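Hi,

Here is the structure I promised to send over. Have a look at it first, and then read my notes below.

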Amino acid sequence: MRTSRALAKQIVAAYANALFEAAAASGDVDNVSMQLDAVARLVRGQAPLRDAVRDDSIAAPLRAQMLRDVLV
């Protein structure tokens, strides 16, 4: 199922807010920020991974698993 861009932005904002609140509560905002920057650089720097993560024809659970396989 395709998600509208507006809905996707709302979902991303909700998750980002929850992550920030959790990081702030634990006093770990800087560390979480550095980790997110590292993930963003990795995905941007690897065209096949970037393209796969953005490909709506690949089921979301499979895209999530691909990211877990790379990041864990």
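A word on terms before the fold: helices (H or I, at least four residues) and strands (E, at least two) are DSSP runs, numbered from the N terminus. On that basis the chain reads α-α-α-α along the sequence, which comes to four helices and zero strands.

Two housekeeping points. This is a predicted model, where local features need pLDDT of at least 70 and side-chain atom pairs count only at pLDDT 80 or more, while totals for chains, interfaces and linings use all residues. Residues are numbered from 1 along each chain as its sequence is written, and side-chain values use heavy atoms, with hydrogens and water left out.

Now the overall picture. The C-alpha trace spans about 40 × 25 × 15 Å along its principal axes. Of the 72 residues, 10% count as buried (under 20% relative accessible area; exposed is over 50%, partly exposed in between, with a 1.4 Å probe and protein chains only). The accessible surface of the chain is about 5,800 Å², and carbon and sulfur atoms account for 60% of that (Shrake-Rupley method with a 1.4 Å probe; for residues, only the protein chains shown count as cover).

Helix α1 covers residues 5-25, and its end C-alpha atoms are 30 Å apart, which agrees with the 30 Å its 21 residues should span at 1.5 Å a residue (the expected span is 1.5 Å times one less than the number of residues). After α1 comes Gly-27, with a positive phi near 70°.

The residue I'd click on is Arg-63, in helix α4 (residues 60-71). Is Arg-63 buried or exposed? Arg-63 is buried, because its relative accessible area is 17%. Leaving aside residues up to four places away in sequence, Arg-63 touches Ala-52, Val-53, Arg-54, Asp-55, Asp-56 and Ile-58 (contact means heavy atoms within 4.5 Å).

What does the side chain of Arg-63 reach at 2.9 Å? That is the backbone oxygen of Ile-58. A polar atom of the Arg-63 side chain also lies 3.2 Å from the backbone oxygen of Val-53, and the side chain makes a polar contact with the side chain of Asp-56 at 3.5 Å. A polar contact is a pair of N or O atoms within 3.5 Å; within protein, one must be able to donate a hydrogen and the other to accept it, and residues adjacent in sequence count only if both atoms are side-chain atoms.

Cheers
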